[in-house]
Amino acid sequence: MSEKELFQEAVKAKEYAYAPYSKFKVGAALLTKDGKVYTGCNVECASFGGTNCAERTAIFKAISEGNKDFEAIAIASDNGMFTFPCGICRQVIFEFGKDIKIIVGDKNEEIKVISIKELLPYGFSSEDLNQ
Ligand code: THU
């Protein structure tokens with residue numbers, strides 16, 4: 001699956017977003033190393049801390065179904081600009097592989113690709129716990 005195709009899956013997943021408070025809909029599409037795609041959307045909560053981002057929804061779906069080897073994750077929002085993962089999601093993505101590709105797109109469908117280790121330099125990982 002190409003980067004653009006994965007991004008298109010994120011665009012579709014965005015339509016399921018439950019974002020009545022921020023009105024900021026986000027979709028994510030997570031590609032596993034064996035070629036499966038797990039999608040996710042943001043799910044908000046009136047008690048705002050209960051909100052889950054699209055990226056983590058997709059990751060938790062995959063993990064809960066026995067898949068934790070990830071190649072790439074694409075993210076789409078409605079604001080027409082590149083939407084990069086928030087800090088918490090960066091940490092969760094990093095947990096499952098420092099080379100996971102982050103794919104973002106803008107309103108012109110221009111695609112940018114960057115690795116999670118570039119987005120989260122000096123990220124904390126299990127290696128730090130085992131010193
Ligand atoms: N959000 C995501 O789902 N992913 C991101 O990368 C950025 C933020 C959601 C969380 C919340 O529902 C809304 O966007 C506004 O922060």
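Q: What radius of gyration does the protein have, against a compact globule of 131 residues?
A: The protein has 14 Å, which agrees with the value near 14 Å for a compact globule of 131 residues. The radius is taken over C-alpha atoms, and the globule rule is 2.2 Å times the number of residues to the power 0.38.

Q: Where does the model come from?
A: This is a predicted model, in which local features need pLDDT of at least 70, side-chain atom pairs count only at pLDDT 80 or more, and totals for chains, interfaces and linings use all residues. Residues are numbered from 1 along each chain as its sequence is written, and side-chain values use heavy atoms, with hydrogens and water left out.

Q: What pattern does the protein follow along the sequence?
A: The order is α-β-β-α-β-α-β-β-α-α, with helices (H or I, at least four residues) and strands (E, at least two) being DSSP runs numbered from the N terminus.

Q: Switching to N67. Where does N67 lie?
A: N67 sits in the loop between α2 (54-64) and β3 (70-77).

Q: Buried or exposed?
A: N67 counts as buried because its relative accessibility is 9%; buried means under 20% relative accessible area, exposed over 50%, partly exposed in between (1.4 Å probe, protein chains only).

Q: And what does N67 touch?
A: Not counting residues up to four places away in sequence, N67 touches T32, D34, K36, Y38 and A62, where contact means heavy atoms within 4.5 Å.

Q: How much of the whole protein is buried?
A: Of its 131 residues, 41% count as buried.
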